[in-house]
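Trainee: I have a new model open and would like to learn how to read it. Can we go through it feature by feature?

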Amino acid sequence: MQEFDEAYLDSLIKEALDDKGNSQMHPSSGMHLGFAESDLMSLVYDKLTNHFPESSLNSFFQEFRSDLISRKVPLSIKDLHTVTRNCKKCSLSSTAELPKWNVTDPDVLIILESPNIQSDAVDLLVSKVKSSGFTSSQLCLTYVNRCPKPGKYENNEIINCSPYLHTEIQILNPKVIVPMGSLVASVLLNTDIKIKDFRGNLMWLGYWPIIPTYSPAYALRSGASALQNFEDDLSYVHKFINT
């Protein structure tokens, strides 16, 4: 692995602590993910599905995103993760967790609330993504909050972490995003939502299609119906990117 020299590492740490609004993690458009374009992209996609096969349409949108994002995000994924690991915005003593599986060019970005996930929920997630037809090379697993802590996260902790997630999405440029749980979906969409009202539906986050579903922990707690919904949603995601 390439080593960073001390001056470069210092500049990245300064980036992590910069609160003056001139960070590379705030694209020049002034909006992290182009939320204003979400309704437009959704409308365009819906209209075009009446004229083009979904497979062709998905490829077109992937190329479209790639062209746009290449002009907006100057950071590499390695730089971003160096910043994330050295972040001291919060008083948390734990070290930030980095994404897992394919952290370069995943088809699907799965987002959990935090690394605080019980082993049985991890087992469920791994089992269901495999049974839906995915391999780890197609998936990246990341989090809204990167530093593990007991209990609920404070609003300021969520706000401090969100630029890392926003920038990560733009660098990774997945074909589809899967937020798992109400908090994750609410953070992405910048509004409070109940996941049961939106799970399994194709929505848009700026230039990206998103398909929300339950968190693995919630699916486990809630019984057979929620477990089936969780599995059905992951199967829909697999079908969406492979149509």
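Trainee: Which residues lie nearest the centre of the largest pocket?

Mentor: Keep in mind that this is a predicted model. Glu113, Ser215, Ala217, Tyr218 and Arg221 lie nearest the centre. In total, 26 residues line the largest pocket. Its volume is about 540 Å³.

Trainee: Which helix gives the most to that lining?

Mentor: H9 does, with 5 residues. This helix spans 216-222. H5 (119-131), H7 (182-189) and H8 (195-198) each supply at least two lining residues as well.

Trainee: How many aromatic pairs are there?

Mentor: Two rings pair if their centres lie within 6.5 Å. That rule gives 1 aromatic pair. Tyr214 and Tyr218 have ring centres 4.9 Å apart and planes at 40°, so the pair is tilted.

Trainee: Is Tyr214 buried or exposed?

Mentor: Buried means under 20% relative accessible area. Tyr214 has 8% relative accessibility, so this residue counts as buried. Tyr218 has 32%, so this one counts as partly exposed.

Trainee: Which residue lies over the face of Tyr153?

Mentor: For a charge over a ring, look at the distance to the ring centre; the cut-off for Lys NZ is within 6 Å. Here Lys149 lies over the face of Tyr153, at 5.5 Å from the ring centre.

Trainee: What about the fold as a whole?

Mentor: Start with the elements: 10 helices and 6 strands. Then burial: 46% of the 243 residues count as buried. Then contacts: among those between residues at least 6 apart in sequence, 75% join residues at least 24 apart. Last, the surface: the protein exposes about 12300 Å², with 51% supplied by carbon and sulfur atoms.

Terms used
Residues numbered from 1 in each chain as written. Predicted model: local features only at pLDDT ≥ 70, side-chain atom pairs only at ≥ 80, totals over all residues. Heavy atoms only, no water. Phe/Tyr/Trp six-rings, centres within 6.5 Å; stacked < 30°, edge-to-face > 60°. Buried < 20%, exposed > 50% of the residue type's maximum accessible area, 1.4 Å probe, protein only. Lys NZ or Arg CZ within 6 Å of the ring centre and 35° of its normal. Helix = DSSP H or I, 4+ residues; strand = E, 2+ residues; numbered from the N terminus. Contact = heavy atoms within 4.5 Å. Areas by Shrake-Rupley, 256 points an atom, 1.4 Å probe, with all protein chains shown as cover. 1 Å grid on protein atoms, 1.4 Å probe; cavity = no way out; pocket = protein on both sides within 12 Å on 5 of 7 lines; lining within 4 Å. Points joined across faces, edges and corners; volume = space filled by probe spheres on them.
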